[in-house]
Amino acid sequence: MPKNASKSAAAPVSADLVARFRRQRPLRGGSLIVTLFGDAIMPRGGAIALGSLIELAAPFGLNERLVRTATARLAQDGWLTGRRAGKLSEYCLSSNGRTRFAEATKRIYSEPDTQWSGRWTLIVVPPMRASERNEIRDELLWRGFGEISANVYAHPEFDARALRAQRSLGGLLAKVVAFDASLADEAPQRLVELGWDLDDLGFRYQRFVDRFAAVLAELTRRQELEPRDCFLVRTLLIHEYRRLHLRDPLLPAQLLRANWPGVHAAALCRAIYARVFALSELYLSGVAARLTGPLPVAEPSVLQRFGGIGPLLERRDDQA
C-alpha cells in the first residue's frame with residue numbers, strides 16, 4: 001500500500017474543492033459571502049451575526065478582516081443592512097437584496113421550463129444617456145438576453161411586460177421598446193449565434209461536470225459523512241454552479257446542441273445537493289446564530305430546490 005494511501009482515503013471530500021478555492025488570487029470574499037447568504041442564510045431568516053459569518057467563512061481561507069471588509073462593501077452596495085448591539089454586529093438582507101436574491105434563487109434552483117412556443121421577445125433600447133444604456137444592458141444580460149447588435153436584445157419568449165414593470169434600475173426598463181415576434185425558419189439559429197457564446201458556456205459546464213462527478217462518486221462511496229464537510233461541499237458546489245448558471249440564458253432545448261452539458265451539470269448539482277443538504281444544515285445550526293439567538297429552521301420551500309430534494313433525503317434515510 002502506498003505510504004500516503006490511508007491519509008488520502010481519510011481526507012475530507014471537500015479538501016480538493018477548498019484547496020482550489022483558496023488558490024484563487026485575488027481571493028474574492030464578497031462573492032463567497034453572496035453564496036453563503038443566498039444558499040444557506042436566506043432560507044433561515046436572512047440574517048446572521050458577524051461573528052458567525054466569520055466562523056463560517058474561515059475554512060474557505062477568508063480571514064476576519066476580509067469578511068468585515070466584504071460585508072461592509074455589500075452593505076454599501078445595498079445588498080445587506082447591518083445593526084449593532086454593543087460591540088456585536090449582525091447583517092441581514094436588505095429589501096433590494098431580498099428581491100435580487102429571490103430572482104437569482106428562482107433561476108438557480110428551479111427546474112428548466114420545457115415549454116416554448118417558438119416565439120421571441122426582442123428589446124430595443126431607445127436613445128438615452130450612455131450610463132443609463134449601460135445599466136439596462138447589464139440588467140438584460142443578467143436576465144439571459146442576447147445582445148444581437150447595439151441596443152437590440154433577444155430572448156426566447158420572455159415576459160416583456162413583467163420586465164418593463166420591474167422597479168429595479170429606477171424604472172429605466174420602462175423605457176425600452178419590446179416586440180413579440182416569430183422568426184423565419186433559419187433565423188432562430190442565426191440569432192443564437194449572434195447573441196450568445198454557447199461554445200464557451202458549454203466548455204465551462206463540461207469542466208464543472210468533470211470536476212463534480214468525482215465529488216459525487218466519492219460522496220456515494222463513503223458511508224459516513226461529516227456535517228462540516230457536507231457544508232463545505234454544498235457551499236462550493238453552489239458557489240461554482242451559481243456563477244456559471246447565472247450566465248446561462250436558459251435557452252429552450254430546441255436551440256441547444258444535442259447532449260448539452262448544462263443538463264448534466266444541473267442533474268449532478270441536484271444529486272450532490274440532496275446528498276449533503278441535511279448534514280450541512282446540522283453544521284449550520286451548530287455554528288451560525290443571530291444576535292438574538294439561534295437561526296430559525298429553514299423554510300419548507302428549500303426542500304423543493306432542484307425539483308425536490310426532500311424525497312431523496314428520505315429515501316436515503318430509509319435505506320440506511
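Asp 39 and Arg 305 meet through their side chains in a salt bridge, N to O at 3.1 Å; the term takes a side-chain nitrogen of Lys or Arg within 4 Å of a carboxyl oxygen of Asp or Glu. Asp 39 sits in helix α3 (residues 29-41) and Arg 305 in the loop between β9 (293-294) and α13 (310-319), so the pair ties together parts 266 residues apart in sequence. Helices here are DSSP runs of H or I with at least four residues, strands are E runs of at least two, and numbering starts at the N terminus. Asp 39 is buried at 2% relative accessible area, and Arg 305 is buried at 7%. Buried means under 20%, exposed over 50%, and partly exposed in between, with a 1.4 Å probe and protein chains only.

A word on the model: it is predicted, with local features needing pLDDT of at least 70 and side-chain atom pairs 80 or more, while totals for chains, interfaces and linings use all residues. Residues are numbered from 1 along each chain as its sequence is written, and side-chain values use heavy atoms, leaving out hydrogens and water.

Now look at Glu 281, which forms a salt bridge with Arg 234, the closest N and O atoms being 2.7 Å apart. Glu 281 belongs to helix α12 and Arg 234 to helix α11, so this pair links parts 47 residues apart in sequence. Glu 281 is buried at 11%, as is Arg 234 at 1%. Through shared partners, salt bridges join Asp 39, Arg 44, Arg 234, Glu 281 and Arg 305 into one network.
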